[in-house]
Amino acid sequence: MPDGLAPGKIIAVHLNYPSRAAQRGRTPSQPSYFLKPVSSLAPSDATIERPAGTELLAFEGEVAVVIGTPARWVDPADGWSHVAAVTAANDFGLYDLRSADKGSNLRSKGGEGFTPLGPRWIPADDVDPAGLRVRTWVDGELVQEDSTATLLFDVGRLVADLSQHFTLDPGDVILTGTPAGSSVVEPGQTVEVEVDAPDSPGAPTSGRLVTRVTAGTTPFGDFGSQPAVDATQRAEAWGTEPPATAAPAPAPVLTDDQRARFATVAVATLSAALRRRGHTDVFLEGVHGLHPDDRFVGPARTLRLVPFRPDLFAAHGGGYNAQKRAFDTVGPGEVLVVEARGERGTGTVGDVLALRAKVRGAAAVVTDGGVRDAEAVAEIGLPVFSAGPHPSVLGRRHVPWESDVTVACGGAAVQPGDVVVGDRDGALVIPAALVEEVLAEAEEAEAADAFVARQVAEGAPVDGLFPMDAHWRARYEAEREGDR
């Protein structure tokens with residue numbers, strides 16, 4: 001704690017980042033709070049025990065503020081003036097005990113070591129309260145990032161609101177909420193949280209708050225609430241399932257028979273069938289698989305990226321953004337199609353997101369932008385078609401904007417539910433209403449091409465055979481009839 005200050009109260013905000021509110025499926029009109037015991041405080045480089053018999057210990061990286069002067073009945077515009085300093089916090093919670101106290105979070109959030117703070121305090125006078133960044137890493141992988149510029153309720157408002165009900169004393173700590181990206185950690189993992197002010201003079205930072213997770217060995221007694229989990233608690237703890245209100249309309253599903261039939265026809269053959277129906281701009285130009293033999297088919301899910309602009313990226317690029325939501329909700333057998341405007345100068349998918357899509361059962365990811373961590377993505381085994389590799393992160397050229405809308409990928413319009421097919425030649429899109437007739441015509445064309453190839457291999461000249469004249473057409477039809 002800052003010199004001379006000791007906390008009497010720890011007050012935590014439930015929902016305060018739009019990214020987290022979107023993940024939870026509800027946006028509060030006013031802040032709500034819960035208290036954490038002072039005994040839950042822990043320093044950096046400490047350990048936290050996941051109690052024996054539990055499974056859902058979740059981290060929440062947050063900005064912590066400490067009160068410097070008493071605050072009672074203060075105005076929101078004056079709230080920040082009562083803050084002495086800020087630092088990093090980790091508001092750990094045990095979802096196994098979430099039902100025990102019906103909202104007070106006493107047992108689920110109040111355990112020993114469940115509120116690490118530090119390691120350094122940044123003086124409030126040195127920073128803009130809307131210019132603080134919070135980031136969280138698990139085993140070195142960045143999993144949370146957001147800015148206090150996006151808060152639903154800024155720090156001044158929180159101080160003022162709380163001061164209406166009781167005095168905030170010097171040393172009291174307010175945990176200002178966590179962005180999307182919170183998830184479960186296991187014994188053996190390490191969580192790090194950092195708060196900094198990258199745009200303030202000297203870019204002050206709290207340093208990384210390090211907490212190592214260990215396995216507890218002492219079980220709970222039979223004289224209190226016992227750990228209990230269900231599907232809802234697992235989904236909310238892991239943070240991987242979207243709220244029901246955000247789920248897109250289900251896309252048309254290819255039958256297993258259609259998928260098997262698509263595996264026997266080439267993209268080139270399908271393109272000819274589409275051309276005969278007037279569909280000439282169906283090619284996702286410039287995209288190719290990371291492996292030469294990659295091929296895929298599946299109904300499209302879509303993600304749209306818009307050109308980079310600092311203010312737009314600040315509002316839409318952090319937390320549980322559209323890109324993360326798209327990869328978190330792509331379904332088994334679906335193809336995630338990313339509109340990157342043909343911009344190859346940055347990655348639009350990397351190894352973590354590709355792995356997430358594979359775990360979700362996606363058929364492929366297609367982007368007319370770049371692939372970051374291309375070697376690692378290739379090893380995952382998911383077909384990924386792109387404009388090529390690039391080492392830069394998304395925010396160099398793009399802002400993740402929206403998902404499950406009509407997009408333009410490689411110059412082709414793709415709607416959710418269209419069928420996207422790819423092989424060594426590239427990828428194309430088939431309007432959902434044309435799938436069966438285009439597939440049937442392509443199968444017939446493949447059979448005819450196989451007949452022609454056999455004749456050429458046996459020495460027949462191509463004149464009159466390719467394309468087939470009446471003589472060869474009759475022979476082909478007779479052979480086909482005999483095969484039926």
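Helix α6 meets helix α11 through T269, L270, A273 and L274, which touch V438, L439, E441, A442, A445 and E446 of α11; contact is taken as heavy atoms within 4.5 Å. By class, this contact has seven nonpolar, one polar and two charged residues, where Ala, Val, Leu, Ile, Met, Phe, Trp, Tyr, Cys and Pro count as nonpolar, Asp, Glu, Lys and Arg as charged, and the others, Gly among them, as polar. The model is predicted: local features need pLDDT of at least 70, side-chain atom pairs count only at pLDDT 80 or more, and totals for chains, interfaces and linings use all residues. Residues are numbered from 1 along each chain as its sequence is written, and side-chain values use heavy atoms, with hydrogens and water left out.

Two packed helices are described by the angle between their axes and the distance between the axes. The axes of α6 and α11 come within 9 Å and cross at roughly 120°, the axes being lines fitted to C-alpha atoms over the stretch in contact, with angles from 0 to 180 degrees between N-to-C directions. This angle makes α6 oblique to α11; angles under 35 degrees count as roughly parallel, over 145 as roughly antiparallel, 65 to 115 as roughly perpendicular and the rest as oblique. The crossing of the two helices α6 and α11 is right-handed, that is, the near helix is turned clockwise from the far one by less than a right angle.

Helix α6 spans residues 267–275, and seven of its nine residues are buried, so the helix is largely enclosed by the rest of the structure. Buried means under 20% relative accessible area, exposed over 50%, and partly exposed in between (1.4 Å probe, protein chains only). The buried residues of α6 are V267, T269, L270, S271, A272, A273 and L274. Their cover includes α5 (256–262), β25 (419–423), β26 (426–430) and α11 (435–457).

The side chain of H82 reaches the backbone oxygen of P70 at 3.0 Å. Beyond its neighbours within four places in sequence, H82 is in contact with V66, I67, G68, T69, P70, A71, V74 and V159.

The chain contains twelve helices and 26 strands, assigned as DSSP runs (helices H or I, at least four residues; strands E, at least two) numbered from the N terminus. Of its 484 residues, 52% are buried. Among contacts with a separation of 6 or more, 79% involve residues 24 or more positions apart. The C-alpha atoms fill a box of roughly 100 × 55 × 35 Å along the principal axes.

Technical notes:
Polar contact = N/O pair within 3.5 Å; in protein donor to acceptor, adjacent residues only side chain to side chain.
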